[in-house]
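Here is a short report on one protein model. It covers the fold, the surface and an annotated span.

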Amino acid sequence: MSKKNTVRNKELSAEVQEKMNESVEEKVEETQHFLRSIFSTKRLSSYLVARNLPFAAFVALLGLLYISNRHLAERTVRTIDRLGRDVKELSWDYKSLSAELMKLTTQTEIAKRADTLGLKERLEPPIKLEVVKGKK
């Protein structure tokens, strides 16, 4: 069960309504007074603006630095992504070329290509030559 607001179910007396209206009017007056004090000509004088101009310029400079730093970071991230994709593609190319080279450098593949040039594979083992040094 949810509790209901008993004030809503009953009609408010004239005194309660008057107190509520007075409190609302007081709050409105306080807000208006606060806003008038903030935007009064005494507060926003040209002296005050001129005195705070360096601070405003500093805050604007910080804003520009923040924005440019954000753009630089995003550009760097995009560059890193692009370079990562390039590295993956080059890695795939390297692996496929390496596998192709390994296949082409097998003895049977070399023998097939040499046969087209008219060269034949040697069937007997190589001969060891010895050099005899003579006496002088």
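The model is predicted. The protein has four helices and zero strands. Read from the N terminus, its elements run α-α-α-α. Of the 136 residues in the protein, buried ones make up 1%. The accessible surface comes to about 14,200 Å², and carbon and sulfur atoms hold 61% of that.

Next, the annotated span. The UniProt record, an unreviewed entry, places a "transmembrane region" at residues 48-67. In the model, residues 48-67 are 100% helix and 0% strand. The end C-alpha atoms of the span lie 28 Å apart.

What kind of surface patch do F55, F58, V59, L61, L62 and L65 form? The patch is nonpolar, and its residues together have about 580 Å² of accessible area. One of them, F58, sits in helix α3, which covers residues 46-104.

| Residue | Helix | Relative accessible area |
|---|---|---|
| F58 | α3 (residues 46-104) | 46% |

Why is F58 classed as partly exposed? Its relative accessible area is 46%, and partly exposed covers values between the 20% limit for buried and the 50% limit for exposed.

How values were computed
Residues numbered from 1 in each chain as written. Predicted model: local features only at pLDDT ≥ 70, side-chain atom pairs only at ≥ 80, totals over all residues. Heavy atoms only, no water. UniProt positions renumbered as here; feature names shortened; annotations may be inferred. Helix = DSSP H or I, 4+ residues; strand = E, 2+ residues; numbered from the N terminus. Patch = residues over 30% accessible without salt bridge, like charges linked within 9 Å, V, L, I, M, F, W, Y side chains within 5 Å. Areas by Shrake-Rupley, 256 points an atom, 1.4 Å probe, with all protein chains shown as cover. Salt bridge = Lys/Arg side-chain N within 4 Å of Asp/Glu carboxyl O. Buried < 20%, exposed > 50% of the residue type's maximum accessible area, 1.4 Å probe, protein only.
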